[in-house]
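Subject: Structure for your files

Dear colleague,

Here is the structure I said I would pass on. My notes on it follow below.

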Amino acid sequence: MRFLLEVSMDDEALAEDPVGELGRILRYWGGNLRHYPMEPGDGAEIYDSEYREVGRWRIEQDERQGAA
């Protein structure tokens, strides 16, 4: 499996304070992951500190390793 996290850096909050905003996003989602079974297909939108959608994370089956 693969965990993918995509965040658009074009968002206003991320453009203004990229280190601070990315740190907040990673802390929030790091703590929130316990609410998911962490299986292929799981995922959710990611929001900035102003609650604007800036990306998403997802779990995918890694096709290079087959259906492990």
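How many bridges join β2 to strand β3, and in which direction do the two run? There are 5 bridges between them, and β2 and β3 (residues 53-60) run antiparallel. One of the pairs is Ile 46 with Gly 55, the latter in β3.

Before the rest, two remarks on the source. This is a predicted model, in which local features need pLDDT of at least 70 and side-chain atom pairs count only at pLDDT 80 or more, while totals for chains, interfaces and linings use all residues. Residues are numbered from 1 along each chain as its sequence is written, and side-chain values use heavy atoms, with hydrogens and water left out.

Overall layout

The protein has 2 helices and 3 strands, in the order β-α-α-β-β from the N terminus. Helices (H or I, at least four residues) and strands (E, at least two) are DSSP runs, numbered from the N terminus. The C-alpha trace spans about 40 × 25 × 15 Å along its principal axes. Of the 68 residues, 25% count as buried; buried means under 20% relative accessible area, exposed over 50%, and partly exposed in between (1.4 Å probe, protein chains only). The exposed surface comes to about 4,800 Å², with 50% of it supplied by carbon and sulfur atoms. Accessible areas come from the Shrake-Rupley method with a 1.4 Å probe, and for residues only the protein chains shown count as cover. Among contacts (heavy atoms within 4.5 Å) with a separation of 6 or more, 48% are between residues 24 or more positions apart.

Sheet and helix

The 3 strands form an open sheet in the order β1-β3-β2, paired antiparallel; two strands pair if DSSP finds at least two bridges between them. β1 (2-7) and β2 (43-47) are the edge strands, each with a single partner, so one side of each has no neighbour in the sheet. Neighbouring strands are turned by 15 degrees against each other on average, direction ignored. Helix α2 (residues 18-32) lies across β1, β2 and β3 and runs at about 145 degrees to β2. For these angles, axes are lines fitted to C-alpha atoms, for helices over the stretch in contact, and angles run from 0 to 180 degrees between N-to-C directions.

Salt bridges

The whole structure holds 7 salt bridges, a salt bridge being a side-chain nitrogen of Lys or Arg within 4 Å of a carboxyl oxygen of Asp or Glu. Arg 58 and Glu 6 form one of them, at 2.7 Å from N to O. Arg 58 is in strand β3 and Glu 6 in strand β1, so this pair ties together parts that are 52 residues apart in sequence. Arg 58 is partly exposed at 24% relative accessibility, and Glu 6 is partly exposed at 43%.

Arg 58 also meets Glu 60 in a salt bridge, again N to O, at 2.7 Å. Through shared partners, salt bridges join Arg 2, Glu 6, Arg 58 and Glu 60 into one network. Glu 60 is partly exposed, with 23% relative accessibility.

A further salt bridge links Arg 52 and Asp 11 (3.3 Å, N to O). This pair connects distant parts of the chain, with Arg 52 in the loop between β2 and β3 and Asp 11 in the loop between β1 and α1 (12-16), 41 residues apart. Arg 52 is partly exposed at 31%, whereas Asp 11 is buried at 11%.

Loops and surface

The loop between β1 and α1 also holds Asp 10, which is exposed at 71% relative accessibility.

Which residues other than glycine have a positive phi? Met 38 has a phi near 60 degrees and lies in the loop between α2 and β2, partly exposed at 29%. Tyr 51 also has a phi near 60 degrees; Tyr 51 sits in the loop between β2 and β3 and is exposed at 70%. Most residues other than glycine have a negative phi.

Finally, Phe 3, Leu 5 and Leu 26 make up a nonpolar surface patch with about 270 Å² of accessible area together. Patches are made of residues with over 30% relative accessible area and no salt bridge, with like charges joined within 9 Å and nonpolar side chains (Val, Leu, Ile, Met, Phe, Trp, Tyr) within 5 Å. Phe 3 belongs to strand β1 and is partly exposed at 41%.

Regards
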